[in-house]
Amino acid sequence: MMSLSKKEKKKAYDMMELWEDDVLERYPEDISKTKEEFRNYETPARDTVREFYKTNHEFQTYDFVLAKEKQYLARNNREMSLWEAVEFLNTLVDDSDPDIELDQTQHLLQTSEAIRADGHPDWFVLTGFLHDLGKVLCLFGEPQWAVVGDTFPVGCKHSDKIVYSEFFDINPDSQHEVYNTTLGIYEQHCGLNNVHMSWGHDEYIYHIMKDYLPEEGLYMLRYHSFYSQHREKAYDHLMSKHDYEMFKWVDIFNQYDLYSKAPVAPDVNKLRPYYEDLASQFLPDVLRF
Ligand code: FE
Ligand code: FE
């Protein structure tokens, strides 16, 4: 397996942060603050986000997605316990880096601890804790545009509600006679289980966990970056009744994913035994990535 240089890891980490900051700007917790107040289009960070989406929208084609599914869903990259995976993901960050606000483990713990503090069931807390572990794709050599970013269906027309949708003009699927129709290769209300989503950390972690968590948790994992549906309702024509029921949970989860940043970083060592015990109730000792 290839390994990333320190510089490459830092770049991947920074892109993840930028994407998450961008989502927060688009969907602020306090909606009375308009997007204009939040956004500063002049910053270099804004250009980086633009470039990121340009590449993402150009290369996430239907064929690309099928190829990645074939490559990764066999899940023969690495075997790790939950905690090993958490530590592996955290190798993206060099502890000595002064401008890192929160490492990946802390983001996972802030999400799950906020869920726990609200008294939600164990499976929900665990789902919060592991929801971003699919980002290890970066460490397997995948470019950031194939790991993070909003996800969207492929094989049918791209909605203009997707962020920076203008960049889909350079995606070859936009010229395809079937893929560029509203339903594309799908049937009306066929259910998302029949729909291929752009490749990234959501789909990957869903497959790793699909035998171990309740369906509500699996929906949270699989669709947490599908903002054009859970926030914009742009793909109602593909959703089944069951998807709508389950998306209530995706919506609940999204609040914790986006708005759980606490001023005090969680104490990883103190919390570790609790999460290892939780994992042992639901997951096998070794997970296949
Ligand atoms: Fe995520
Ligand atoms: Fe997250």
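Guide: Let us start with the buried residues of H7, which are Phe-124, Val-125, Leu-126, Thr-127, Gly-128, Phe-129 and Leu-130. Here a residue is buried if 20 or more other C-beta atoms lie within 10 Å of its own, exposed if 12 or fewer, and partly exposed in between, with C-beta atoms placed from the backbone. H7 is mostly covered, with seven of its nine residues buried. As for the names, helices (H or I, at least four residues) and strands (E, at least two) are DSSP runs, numbered from the N terminus.

Before going further, please keep in mind that this is a predicted model, in which local features need pLDDT of at least 70 and side-chain atom pairs count only at pLDDT 80 or more, while totals for chains, interfaces and linings use all residues. Residues are numbered from 1 along each chain as its sequence is written, and chains are lettered from A and ligands numbered from 1 in the order in which they are written.

What do the buried residues of H7 pack against? They meet helix H5 (82-90), H6, helix H8 (201-209), helix H9 (215-223), helix H11 (241-259) and helix H12 (268-282). Two residues are in contact if their C-beta atoms, placed from the backbone, lie within 7 Å.

Take H6 among these partners. Helix H6 (residues 104-117) and helix H7 (residues 122-130) pack at an angle of about 165°, and their axes are 7 Å apart. Axes are lines fitted to C-alpha atoms, for helices over the stretch in contact, and angles run from 0 to 180 degrees between N-to-C directions. H6 and H7 are therefore roughly antiparallel to each other; angles under 35 degrees count as roughly parallel, over 145 as roughly antiparallel, 65 to 115 as roughly perpendicular and the rest as oblique. On the H6 side, the contact is made by Leu-108, Leu-109, Thr-111, Ser-112, Ile-115 and Arg-116, and on the H7 side by Phe-124, Val-125, Gly-128, Phe-129 and Leu-130. By class, this contact of H6 with H7 has seven nonpolar, three polar and one charged residue. In this count Ala, Val, Leu, Ile, Met, Phe, Trp, Tyr, Cys and Pro are nonpolar, Asp, Glu, Lys and Arg are charged, and the others, Gly among them, are polar.

Not counting residues up to four places away in sequence, Leu-130 touches Leu-82, Leu-108, Ile-205 and Met-209. The largest nonpolar core has 69 residues, and Leu-130 is one of those with the most contacts inside it, together with Ala-85, Val-136, Ile-205 and Met-209. A nonpolar core is a set of buried Ala, Val, Leu, Ile, Met, Phe, Trp, Tyr and Cys residues joined through C-beta atoms within 7 Å. The largest share of this core, six residues, comes from helix H1 (residues 6-26).

Met-15, Leu-18, Trp-19 and Asp-22 in H1 meet Ala-45, Thr-48, Val-49 and Phe-52 in H3. This contact of H1 with H3 is made up of six nonpolar residues, one polar and one charged. Glu-20 is also found in H1, and Glu-20 is partly exposed, with 17 other C-beta atoms within 10 Å.

Now back to the partners of H7, this time H9. Seven of the nine residues of H9 are buried, so it is largely enclosed by the rest of the structure. Those buried residues are Gly-217, Leu-218, Tyr-219, Met-220, Leu-221, Arg-222 and Tyr-223. They pack against H7, H8, helix H10 (227-230) and H11.

H8 and H9 pack at an angle of about 150°, with their axes 6 Å apart. That makes H8 roughly antiparallel to H9. Asp-202, Glu-203, Ile-205, Tyr-206 and Met-209 of H8 form the contact with Leu-218, Leu-221, Arg-222 and Tyr-223 of H9. The contact of H8 with H9 has six nonpolar, no polar and three charged residues.

One last stop is the loop between H7 and H8, where Tyr-164 lies. Phi of Tyr-164 is near 50°, a positive value in a residue other than glycine. Most residues other than glycine have a negative phi. With 16 C-beta neighbours inside 10 Å, Tyr-164 counts as partly exposed.
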